[in-house]
Amino acid sequence: MSSSPLTDAELCFKASPASPGVGFGQVVRLAPQSRPPLFINVLPHRVTLEITRVKQAMQRARCHLEAVKQHFREQAGQNSAHLLDPYILMLDDAVLTQAIEDNIRRHRVNAEWAVKRAVESLLANFDRTEDDYLRQRRDDIQDIGQRLISILSGQPLQVPVLESPSIIFADDISPTMLAELNTTNLSGLVTDAGGVMTHAAIIARSLGIPAVFGAREALDHAAEGVPCIVDGSQGEVILRPRRTTQTVYLGRRAAGQRLRRDRLTAARLPAVTRDGVACHLLANIEIQSELPALERCGAQSVGLFRSEFIVPSDAEALPDEDMQCAVYQAVIQASPDRTATIRTFDFSSDTLPAPLRVAEPNPALGWHGVRWWLAHEAVARTQLRAIVRAAEVGRVRILLPRVTCLSELRMARRRLDEACQAVAPSSAAAGRIELGAMIETPAAVLIADRLARESDFLSIGSNDLVQYLLAADRGNERVGYLQQPLHPAVLSSLNIVVAAARAANKSLTMCGEMAAQPLCALALLGLGIRRFSLSPAALPGFKTTLRRLSIRDAERFIAQALTLDTAQEIEACATTYLT
């Protein structure tokens, strides 16, 4: 980090860029939140009481973090909201829980001190490792420990309320507090601690907050209320900027905004390639508040409505038929072409609302997606009746998640037929409802021809398909290098699915953010995919890319790519077509 006083007043500091963008505001210094807990020796008869206090604090922390996750999901989307899952799961961690209880029993200390000792012990283990990933995870444990101590001591963490454009300066900020902030007036973030791959940095990027980390010297000079500029792309912090400096950074911010505006302008243009081949762009929707943005972002239809997001994380029960019907109708009516693809509840045992969760050793490979849905017959019947009723206001396609065998598709078809007979036996709308399978596992790829034959349509879930094909958790940064959407196995699998859909004359949609990457868009066009469903925010950028590509180039590229051996070779080959 360097500092260079440009005038008596202006100070410029350079540190680590953590989240791009330029922000203007006044310095708001965040006081350290950690409070040293009191040490108290407890009498033997109070041991059980202290353990009960810890359990109650964990339950309160869990409920609070579930609410924070819901708030963060509404601001940044579901993919980002998953970043908070490790914190919630940590509250069920047997090692942490046992360490706290052992401290209380063996040392007869109060709950606050027992949490402190347990967290310090775990942190010491992390400090001894040379693994960067594990060292960055120590902050997560510290975050949870601090939260528990604040609850036990009756001194809740203070979330700052920002009444004017502000830039927060802090020695450190916990990821959960950042996710909890109201970001309306949050223009930037400057901290001493933190790395570009920490959860705090990832959350800042998800929220679009410019951030600079490792800025100790800037913190030492920043007084409360001083005007400030943060350039999170360049890692720059300017205190008391001169007028000419402000002009420079206003220009940078305007350039970024202009780029976003250009993309929104492009969103209103036809979705055609440079050589005139039309494509169909659809939107993936998680929450109803995204619906008004559909047309502005260039969506022609709703390609995926994730129905499980109508269920609050703390719900005691799933929504009834009338409530579901009202939501589905709202989605259909908001869709530009009055067509919506509704995915049936895609729960796993650990993503169900808290009161309904069940324990499984490996939820990702357990009672998940269509398996859970079919096993809960009443839930499936209620949802199907709601969808059939909703179909009176438009065209509906029902998508089944994580299908791995034909029997699942056939059972769902029987349930749909029964729902149509029960709700609207003579309805033309009910008769038009289509049933499709999501291709997101290796098994579904290998039986894509059979699924295409018995489905009305297919959708590819690119995020999960890459994850399962390469056996690499997309939320695990340690295997992040394996998130290779252009891996030869991925391209070969997509080629199989495209051929299956084409042979059965069924429509095929690519769902997920893979298409948002220009190199991947070139590959998908070359494979013959013409329907793309992305988040509304990603659609303008994708359409800009689409209009610059040609099908002729894409087909020449994919013919080469399918003969190459590694993702790196394929990316290098694709780059030659985009330059």
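Me: Which residues does Leu494 touch, leaving out those up to four places away in sequence?
Reply: Leu494 touches Ile460, Leu465, Met510, Met514, Leu524 and Leu527. Keep in mind that this is a predicted model.

Me: And in the largest nonpolar core, which residues touch the most other members?
Reply: Tyr328, Trp373, Leu494, Phe532 and Phe557 do, out of 101 residues in that core. Another core lies apart from it, with 57 residues, among them Ile104, Val119, Ile151 and Ala170.

Me: Which residues of helix 22 are buried?
Reply: Helix 22 covers residues 551–561, and its buried residues are Ile551, Asp553, Ala554, Phe557, Ile558 and Ala561. Seen down the helix axis, they fall within an arc of 155°, so they line one face of helix 22.

Me: What covers them?
Reply: The cover includes helix 19, helix 20 and helix 23.

Me: New topic. Is Asn505 buried or exposed?
Reply: Asn505 is exposed, with a relative accessible area of 70%. It lies in the loop between helix 19 and strand 16.

Me: What is its phi?
Reply: Phi of Asn505 is near 55°, a positive value in a residue other than glycine. Most residues other than glycine have a negative phi.

Me: What about Arg240, where does that lie?
Reply: Arg240 lies in the loop between strand 9 and helix 10. Its phi is near 50°, also positive. Arg240 counts as partly exposed, at 31% relative accessibility.

Me: Last one: where is Thr382 found?
Reply: Thr382 is in helix 13, residues 377–390. Thr382 is buried, because its relative accessible area is 19% and the cut-off is under 20%.

Methods:
Residues are numbered from 1 along each chain as its sequence is written. This is a predicted model: local features need pLDDT of at least 70, side-chain atom pairs count only at pLDDT 80 or more; totals for chains, interfaces and linings use all residues. Side-chain values use heavy atoms; hydrogens and water are left out. Buried means under 20% relative accessible area, exposed over 50%, partly exposed in between (1.4 Å probe, protein chains only). Helices (H or I, at least four residues) and strands (E, at least two) are DSSP runs, numbered from the N terminus. The arc is that of the directions from the helix axis to the C-beta atoms. Contact means heavy atoms within 4.5 Å. A nonpolar core is a set of buried Ala, Val, Leu, Ile, Met, Phe, Trp, Tyr and Cys residues joined through side-chain atoms within 4.5 Å.
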